[in-house]
Amino acid sequence: MGRSAVRITADTNLLVRAAVVDDRLQASIAADVLRDAEIVAVPLPALCEFVWVLLRGYGRNVGEIAAAIRHLAARANVSLDQPAVDAGLALLEAGGDFADGVIAFDGRRLRGSVFTSFDRRAVELIAATGAETQLLPTM
């Protein structure tokens, strides 16, 4: 089947079905849709949910998840925010949360200069990238 003129926005469940193949029919449909669309727009919230679902719901390891995201990002018809994805993957692979990496990156783009959180681990990992951080007290 060739590329169709449709430009889709991929929901998390479409990405999950294609990645985990836990339902053969839905996985096949998801793969066809991802392959055949002219453009597959992948919003950052969908990727944040994708990571969370694969980690928590399916028990996938960080390496598998990072490989799945990189495989998706490498597709010619996929449109995503690559610098933000790279920031998320860097934090994920350093032992942190993908979403925290995306949040810190996007915050800097929006002119926020200090990543501020109650999450000690997130603050430590983001500080290790050279970003300015602030850990709030939990008293």
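**Note on helix packing and cores**

1. The cover over the buried residues of α5 includes α3, α4, α6 and α7 (120-127). Those buried residues are Ala84, Val85, Ala87, Gly88, Leu89, Leu91 and Leu92. Buried here means under 20% relative accessible area, exposed over 50%, and partly exposed in between (1.4 Å probe, protein chains only). Contact means heavy atoms within 4.5 Å. Helices (H or I, at least four residues) and strands (E, at least two) are DSSP runs, numbered from the N terminus.

2. This is a predicted model, in which local features need pLDDT of at least 70 and side-chain atom pairs count only at pLDDT 80 or more, while totals for chains, interfaces and linings use all residues. Residues are numbered from 1 along each chain as its sequence is written, and side-chain values use heavy atoms, with hydrogens and water left out.

3. The protein chain holds seven helices and five strands, in the order β-α-α-β-α-α-β-α-α-β-α-β from the N terminus on. Its C-alpha trace spans about 55 × 30 × 20 Å along the principal axes. Of its 139 residues, 37% count as buried. Among contacts in the protein chain with a separation of 6 or more, 54% come from residues 24 or more positions apart.

4. α5 has twelve residues and reaches 16 Å from its first C-alpha to its last, close to the 16 Å expected at 1.5 Å a residue. The expected span of a helix is 1.5 Å times one less than its number of residues. Glycine 95, with a positive phi near 100°, follows α5.

5. The largest nonpolar core has 34 residues, of which Leu15, Val40, Val42, Leu47, Ile69 and Phe98 touch the most other members. Two or more residues each come from α1 (12-20), α2 (24-36), α3 (44-57), α4 (62-73), α5 (82-93) and α6 (98-109). α3 gives the most, with seven residues. A second, separate core of eight residues includes Ala104, Phe115, Val123 and Ala131. A nonpolar core is a set of buried Ala, Val, Leu, Ile, Met, Phe, Trp, Tyr and Cys residues joined through side-chain atoms within 4.5 Å.

6. Three strands form an open sheet in the order β1-β2-β3, with parallel pairing. Its edge strands, β1 (7-9) and β3 (78-79), each pair on one side only. Strands pair if DSSP finds at least two bridges between them; β2 (residues 39-41) and β3 have two, in the parallel sense. Valine 40 has valine 78 of β3 as its bridge partner. Beyond its neighbours within four places in sequence, valine 40 is in contact with Ile8, Ala10, Leu34, Asn77, Val78 and Ser79.

7. The end C-alpha atoms of α2 are 18 Å apart, which agrees with the 18 Å that its 13 residues should span at 1.5 Å a residue. The buried residues of α2, namely Ala27, Ala30, Leu34 and Asp36, pack against α1 and β2. At the start of α2, a side-chain oxygen of aspartate 23 comes to within 3.2 Å of the backbone nitrogen of leucine 25. Such a polar contact is a pair of N or O atoms within 3.5 Å; within protein, one must be able to donate a hydrogen and the other to accept it, and residues adjacent in sequence count only if both atoms are side-chain atoms.

8. Is threonine 12 buried or exposed? Threonine 12, in helix α1, is buried, because its relative accessible area is 7%. A polar atom of its side chain lies 3.4 Å from the backbone oxygen of alanine 46. Not counting residues up to four places away in sequence, threonine 12 touches Ala46, Glu49 and Phe50.
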